[in-house]
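Look at the second chain of this model first. Then follow its helices to one another and across to the partner chain.

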Amino acid sequence: MDPGLAGQYLLNGLMLGVIYAMVAVGFTLFFGVLDVIKFSHGDVVMAGAFVGLATFIGLRDLGIVSSLALLLAVSTAALISMALLGALIARFLVLPLRTAPPLNTLLVTLMLGLALREAVRLFYPNGSNPKPFPRLLPAEAYSFGSFTLRLDSALLLATGLLAIVLVHLLINKTRLGLAIRAVAQDPETAKVMGIDFERVVMITFAIGSALAALAGITNGLYYNEINFGMGLLLGVIGFSAAVVGGLGNIYGAIIGGFLFAGLQTVGAVWFSVPAYKDVFAFAAVILLMAWKPTGLIAEKSAERV
Amino acid sequence: MREGYKDAACVVLALAACAVFTYLFLEIEQQWEVAALAIGALAVMLVMRGRAIGTRVERSAAASPRTAVVMTMIAVLIVAAALHESHFALLMLATVALFVTVCLGLTIQFGYAGIVNFAGAAFFGIGCYTTAVLAAHTPLPHIAVIAASGLTAALIGSILILPILRTRGHYAALITIAFGILFKTFLEVNDILGGPQGLKVPGMTLFGWSFNEPVRITDNIEASFYINYVVLAVALAASAFVIAKRLERSWIGLNFDAVRLDETAASVFGIGVARWKILAFTLGNFFTGTAGAVYAMMTGFIAPNSFTFGDSLILVSIVILGGLGNAVGVIPAALLLLVLPEKLQVIQEYRFLLYAVLVILILLYRPEGLLPRRLRDYFPNRRNA
């Protein structure tokens with residue numbers, strides 16, 4: 001294959017990988033603190049993108065034209081609203097079901113995802129059609145032979161990686177992160193040590209959901225189009241990535257995200273019909289699960305009987 | 001002997017009430033009447049629970065399950081006869097019976113053995129597509145096509161069971177979700193199977209008798225051809241019900257319960273966890289595929305859009321609403337969830353949203369569903385004298 005084209009595929013794969021990794025890190029964070037899967041995560045990604053779009057339209061109609069100001073406003077609105085939504089989900093849907101079978105939490109959040117999806121489809125003006133997402137980043141392109149690097153892609157890639165690194169530092173280097181890790185390791189002991197369990201869980205959900213909102217905005221800025229159904233596939237991919245990497249492990253989520261993006265890219269190159277890339281990627285995930293049932297970096301588990 | 005008559009009378013009365021309800025639900029057109037009827041039915045189910053009258057009916061039906069099933073079939077056929085001119089009502093009735101079959105399959109997987117399956121619509125779709133291909137391209141008799149569709153769904157399920165057996169809980173859920181999405185995407189991009197446009201399916205013929213022709217009863221009474229499918233679908237649902245109930249009461253059901261409640265403890269007691277999971281998963285998918293086959297022949301047309309992840313979630317909603325593991329509960333739940341959006345046009349557009357909220361509320365406040373599953377009765381023949 002022509003090296004320029006290969007580079008293009010690689011860049012595209014990296015871009016997808018960063019988006020998937022951001023979603024997967026959310027899954028892994030929630031699973032870490034509460035051993036639950038919040039399946040509405042993909043739809044939070046979608047909702048974040050839509051909040052961003054609504055903010056953009058509102059501000060544009062107010063006469064603001066500076067793309068930097070718009071970009072900041074869009075990101076802030078999406079991140080804050082989704083962080084709030086995440087905390088609310090934790091408070092009213094996930095925490096009350098803590099003693100119920102884990103399947104019930106999965107079901108509740110699956111249904112919440114469906115509700116979010118449908119709410120956007122029904123109540124966002126003309127919500128059932130794909131919406132154009134504004135180009136807010138400088139779109140200069142640099143050509144190296146047949147390889148083109150667009151400035152906006154590079155910026156998005158850098159932002160995504162930075163966000164993941166920041167979350168990683170937050171978890172590993174701060175007092176709050178210590179509390180989160182303590183809750184993840186042993187909720188009972190953490191409570192005894194004076195950690196406010198519910199608050200930590202809500203904050204973790206807020207962080208994960210803000211990251212999801214960022215993934216949504218990144219997705220919108222990269223593809224310049226969003227639609228109400230994009231969350232389902234992104235959620236399943238993020239979940240697959242987190243599971244393939246090994247739930248509860250932040251590195252696993254990142255590896256999983258890039259691995260899934262790699263599989264999709266290989267699938268797209270391999271098959272003449274590009275739509276087969278998802279079929280290929282999911283089949284590969286099912287096979288991977290059969291080979292490594294608890295992910296590449298296995299969750300430490302000991303069963304107490 | 002007198003007790004037997006009382007039981008029979010009790011079941012007949014309860015069934016008559018249900019039959020009148022079903023008839024009205026399918027027949028009336030006024031929007032507010034439909035809404036009132038649905039809300040009334042939900043209220044009655046909530047009130048009946050645990051009350052003397054509810055327990056009484058339940059005990060009477062349990063006293064002779066075979067009679068209860070036969071009488072239920074007769075009741076459904078009476079309703080179908082009363083509605084014999086209305087294509088739409090009969091189509092709904094047959095659809096409900098087929099979805100009851102599917103949900104009984106899910107009950108075996110989900111409620112009995114505790115294997116999650118979020119790809120119900122995909123297995124239903126496998127049944128539909130197998131029928132479409134076999135009925136159009138092979139001379140197989142249609143009854144064999146239906147069986148083959150069920151077997152294909154079971155076979156594909158038995159490939160999927162390998163990764164499911166190696167995983168647990170969330171990981172197993174992911175596998176079925178991934179499969180459901182994979183299946184729908186595959187159908188959409190695959191030109192041989194019609195792509196997004198779908199496939200036509202010929203109507204059912206059984207020993208030279210075509211199901212798609214109106215049934216002449218006398219010179220002036222002619223029934224809609226859907227009545228054939230109602231009979232077939234009800235027979236299918238009744239067989240599935242009898243199998244599910246028999247399994248539940250048997251030693252196999254006991255093993256399923258053990259596997260669901262505590263895998264580790266079950267294997268310590270020498271129960272082959274894998275074997276029971278395989279049985280439950282395969283049997284459930286067989287039910288689903290068979291129902292899909294009849295559904296495809298009845299509607300005459302299938303497309304990938306009927307087998308989305310959302311549809312799988314509706315199937316799960318029915319099972320949860322009815323009371324997880326309660327085979328009887330799926331019948332009213334399927335009736336309500338499937339017919340309501342068709343009758344109440346206001347909510348047609350909002351049905352996914354409404355059901356999602358409904359299931360969330362149920363899981364938060366009444367996780368056992370409308371008609372909760374009873375504890376296993378270890379002495380089924382004992383009378384509370």
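Chain B holds 16 helices and 6 strands. These are DSSP runs numbered from the N terminus, with helices being H or I of at least four residues and strands E of at least two. The model is predicted: local features need pLDDT of at least 70, side-chain atom pairs count only at pLDDT 80 or more, and totals for chains, interfaces and linings use all residues. Residues are numbered from 1 along each chain as its sequence is written, while chains are lettered from A and ligands numbered from 1 in the order in which they are written.

Confidence comes next. The model scores ipTM 0.81 and pTM 0.85. In chain B the mean pLDDT (the predictor's confidence in each residue, from 0 to 100) is 83, and 92% of the residues reach 70 or more. Helix α12 (residues 273–299) of chain B has the highest confidence in that chain, at a mean of 92. Strand β4 (residues 215–216) of chain B has the lowest, at 67. Where pLDDT is low, predicted coordinates should not be read in detail.

Now the overall form. The C-alpha trace of chain B spans about 65 × 65 × 40 Å along its principal axes. Its radius of gyration is 21 Å, which agrees with the value near 21 Å for a compact globule of 385 residues. That radius is taken over C-alpha atoms, and the globule rule is 2.2 Å times the number of residues to the power 0.38.

Turn to helix packing within chain B. Helix α2 (residues 31–48) of chain B packs on helix α14 (residues 330–343) of chain B at about 165°, with the axes 11 Å apart. Axes are lines fitted to C-alpha atoms, for helices over the stretch in contact, and angles run from 0 to 180 degrees between N-to-C directions. The pair α2(B) and α14(B) is therefore roughly antiparallel. Angles under 35 degrees count as roughly parallel, over 145 as roughly antiparallel, 65 to 115 as roughly perpendicular and the rest as oblique. B:Val34, B:Ala38, B:Ala41 and B:Met45 in α2(B) meet B:Pro332, B:Leu336, B:Leu340 and B:Lys343 in α14(B). Contact here requires C-beta atoms, placed from the backbone, within 7 Å. By class, this contact has 7 nonpolar, no polar and 1 charged residues. Ala, Val, Leu, Ile, Met, Phe, Trp, Tyr, Cys and Pro count as nonpolar, Asp, Glu, Lys and Arg as charged, and the others, Gly among them, as polar.

A second pair is α6 (residues 120–137) and α7 (residues 142–166) of chain B. Their axes come within 8 Å and cross at roughly 140°. α6(B) and α7(B) are therefore oblique. Among the residues that meet are B:Gly127 and B:Thr130 in α6(B), and B:Ser149 and B:Gly150 in α7(B). This contact has 8 nonpolar, 8 polar and no charged residues.

Which residues of α7(B) meet α11(A)? B:Leu162, B:Pro163 and B:Arg166 do, against A:Ile286, A:Met289 and A:Ala290 of α11(A). Helix α11 (residues 276–291) of chain A packs on α7(B) at about 45°, with the axes 8 Å apart. These two helices are therefore oblique as well.

Step back to the whole interface. In total, 37 residues of chain B contact 37 residues of chain A. α8(B) gives the most to the chain B side, with 15 residues. That side divides into 28 nonpolar, 6 polar and 3 charged residues.

Definitions and conventions
Contact = placed C-beta atoms within 7 Å.
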